[in-house]
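Hi,

Here is the model I promised to pass on.

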Amino acid sequence: MAGPTRGNLPPAESISEKTVLRNRRVGLWLFALYLLFYGAYVVISAWKPQWMAGDAFSGLNWAVVSGMALIFGAFLIALIYSFICRNPSGGKS
């Protein structure tokens, strides 16, 4: 039985150190962006819970709406990361 494969990705040894460092830097910036949004969510939830209890729309409160926005935001950030880092050359052909 064969183990997991890398599919159509280039061999790991063919990815340059420059590309790895750039991808790492992009990932850290996107993580910092998400951490900023998550931190704001936690701070508002802890110190202004009455804001989160207010109605947003369709009978949902802001806690539910902002929590779902965080989940979809994480997915969006993952898509952005995969788009930016899809080519070892950084998207420049």
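**Notes on the model**

Let me start with Tyr-34, which is partly exposed, with a relative accessible area of 23%. On that scale, buried means under 20% relative accessible area, exposed means over 50%, and partly exposed is what falls in between (1.4 Å probe, protein chains only).

Some ground rules: this is a predicted model, where local features need pLDDT of at least 70 and side-chain atom pairs count only at pLDDT 80 or more, while totals for chains, interfaces and linings use all residues. Residues are numbered from 1 along each chain as its sequence is written, and side-chain values use heavy atoms, with hydrogens and water left out.

Back to the tyrosines. Ring pairs here are Phe, Tyr or Trp rings (the six-membered one for Trp) with centres within 6.5 Å; planes under 30 degrees apart are stacked, over 60 edge-to-face, and the rest tilted. By that rule there are 2 aromatic pairs. Tyr-34 and Tyr-38 count as stacked because their planes are at 15°, with ring centres 6.5 Å apart. The two sit 4 residues apart in helix H1, so about one helical turn separates them. Tyr-38 is also partly exposed, at a relative accessible area of 39%. Ring pairs tie Tyr-34, Tyr-38 and Tyr-41 together as a cluster.

Helix H1 (residues 17-47) also holds Thr-19, which is buried, with a relative accessible area of 9%. Its side chain makes a polar contact with the side chain of Ser-16 at 3.0 Å (N or O atoms within 3.5 Å, one able to donate a hydrogen and the other to accept it, with sequence neighbours counted only if both atoms are side-chain atoms).

Elsewhere, Arg-86 lies over the face of Phe-83, 4.2 Å from the ring centre. The cut-off is NZ of Lys or CZ of Arg within 6 Å of the ring centre and within 35 degrees of the ring normal.

As for the whole chain, it has 3 helices and 2 strands, in the order α-α-β-β-α from the N terminus. These are DSSP runs: H or I of at least four residues for helices, E of at least two for strands. Of its 93 residues, 13% count as buried.

On confidence, pLDDT (the predictor's score per residue, from 0 to 100) averages 85 over the chain, and 77% of the residues score at least 70. Where pLDDT is low, the predicted coordinates should not be read in detail.

Cheers
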